[in-house]
Structures are given as structure tokens and as C-alpha cells.
Amino acid sequence: MNRQTRNTVIAGNWKMNLTPSKAKAVIEELKPLVAGKDNCTTILCVPFVDIATAVEAAKGSNIKIGAQNVHFEEKGAFTGEIAADMLLEIGAEYVIIGHSERRQYFGETDKTVNQRVLAALKAGLKVILCVGEVLEEREQDITAEIVSMQTKIALLNVDEEMMKNIIIAYEPVWAIGTGKVATAEQADEVCGIIRNVLSAKYGNTVAEATTIQYGGSMNAANSAELLSKVNVDGGLIGGASLKAADFAVIVGNAQ
Ligand code: PEP
């Protein structure tokens, strides 16, 4: 890891798991386990209805709370959607945008990902932007092209200053929730490709300062190796973030 120029970030994505009471219990259990582990930023991205409880439970700890999606309009007739200022008002600091499950099941496109990124940043949220190839694209040897294109479109009209509030998560879709983890070399290579895209667009200083995580079946056992790579500045963790003990090991491996 390159801690001289960038922040290491370990973020949990709880997806559609844990009711508010269960969320509180997991956070209470996690707090002492990650106390003092301040060499990385620790975030939990929880279901919308858990956010207020999670913020309250995490008070006084080093755990930050985020959401898993945000709408791109500020308000209006968008039944079932949540706006950025709603998230901020209940204490969310971060939001995941463009997760592959949103792209796969809910019609998210590179264009709407970009719209959501702009809306979230404008409101003052920090963004965890997800990009990644599907298995077929990896097999066709077009991972670099796909991930570069997703990154470029998602960052349209995002300037250098706004990049301070963006974390990028490289998540190969074939590794999410499948137990198939990318090798540390694959993760490092694609995180490096993303960094090159940032360098071409914003210059080296921004590229070297931006946190780029790996996500996809990262767990307590494989995290140390993945996090040892120079371009892997943290992890976005699904399944293993639901258990406090496992998540705490990953946070520990980022120290
Ligand atoms: C994710 O949801 O972003 C993820 C990486 O999930 P998992 O760790 O379960 O593969």
C-alpha cells in the first residue's frame, strides 16, 4: 500500500441485510474490535432504514456510515427513491454508486452512475464509485477497456477538486458474492489501470492521491495478500462485512 500519498479505506457493503436492531448489535460488537485501528478509514454502507440507527451506534467510534445508492435528482416525483440531502441529514457521509448489483438488476447505466456521482458530490457526500468487468469481458480480454470506459463516463464533469471526495472500487463482477476472488496480481493490475485513467485525465498528483479499492469475495483469510499490493488501497467487502469479527480482521490487515 502507498500510505504516503493516499488513504486506505475498508468499507463494508451490507447490501439488503440486517434490520436496524441487528445493525446496532453488529456495530456494538465491531466498535471495540476496530478501536485504535486508525491507519485506515472504516466505513459501513448499510440499508437506508438502518442509517440513523447505525450513525447513533457508531457515535464516538472510528466507524463511518454510508448508504448504498442515491438518486440523481434533488427532490420530486420519484417514488421509492432517496435524495442526497436526505442521506446527509440523517448522518450518512458516504454513498456507494454504480455497484454491479444496481447495474445488473436495476437498470443502472454508466450515464446514470455519472448523474448520481455528480448529485452526491454536489450535496456533500463522499462517493465510493464501483467499476468492474463481467466474466465474459475478462475472457474476451477487454477488462482494461471496460473498466477504463466505466471510469471515464462515471467521472464526466468531475473536476480535480471533486476527486478529493471520490474513492474508486474495482469490483470484478465475477468475484462478487461468488467466493471466486481475483488474484492479488489481477486486483493490482486493474487498480493500476484505473490509476492510469485518472493520471491521463487529472495528472499524477490526483491519480496518486485517489484511493482505489478492490472488492469481490475479500475476506479475513485473503485480505492481507490483496491489501499488500501497491495499487490496492483498501477493500469493499460484502459478505464478510456482516460479521464483526471477520470485518475487524480485514480492518486489522489494513493497518
Ligand atoms: C460487494 O458487495 O461489493 C462485494 C464485494 O461482495 P462480496 O464481498 O460478498 O463478494
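**View 1. The second largest pocket and the residues around its centre.** Welcome to this predicted model, in which local features need pLDDT of at least 70, side-chain atom pairs count only at pLDDT 80 or more, and totals for chains, interfaces and linings use all residues. Residues are numbered from 1 along each chain as its sequence is written, and side-chain values use heavy atoms, leaving out hydrogens and water. The second largest pocket has 17 lining residues, and Met163, Lys164, Asn165, Ile166 and Ala209 are those nearest its centre. Two or more lining residues come from each of β5 (126-131), β6 (166-170) and α9 (204-209). Helices (H or I, at least four residues) and strands (E, at least two) are DSSP runs, numbered from the N terminus. A pocket here is an open set of points on a 1 Å grid over the protein atoms alone, where a 1.4 Å probe fits, with protein on both sides within 12 Å along at least five of seven lines; lining residues have an atom within 4 Å of a point. The volume of the second largest pocket is about 300 Å³, counted as the space filled by probe spheres set on the points, which are joined across faces, edges and corners.

**View 2. The largest pocket.** This pocket holds about 520 Å³ of space. Its lining is made of 18 residues, with Lys15, Met16, Gln68, Arg102 and Phe106 nearest the centre.

**View 3. Helix α11 and its buried residues.** In α11 (residues 244-253), Ala244, Phe247, Ala248, Ile250 and Val251 are buried, meaning under 20% relative accessible area with a 1.4 Å probe, protein chains only. They lie on the same side of α11 because they cover an arc of only 155° around the axis, an arc taken from the directions from the helix axis to the C-beta atoms. The buried residues of α11 pack against β1 (9-13), α1 (20-34), β2 (41-45), α10 (223-227) and β8 (234-237).

**View 4. Threonine 143 in helix α7.** Look for threonine 143 in α7, which covers residues 143-154. Its relative accessible area is 9%, so threonine 143 is buried. Leaving aside neighbours within four places in sequence, threonine 143 is in contact (heavy atoms within 4.5 Å) with Glu133, Glu137, Arg138, Tyr170 and Val190.

**View 5. Cysteines without disulfides.** The structure has zero disulfides (a disulfide being a pair of cysteine sulfur atoms within 2.5 Å). For cysteine 45, the nearest cysteine sulfur is that of cysteine 130, 8.9 Å away. Cysteine 191 has its closest cysteine sulfur in cysteine 130 as well, at 12 Å, too far for a bond. Cysteine 191 is buried, at 0% relative accessibility.

Methods: Buried means under 20% relative accessible area, exposed over 50%, partly exposed in between (1.4 Å probe, protein chains only).
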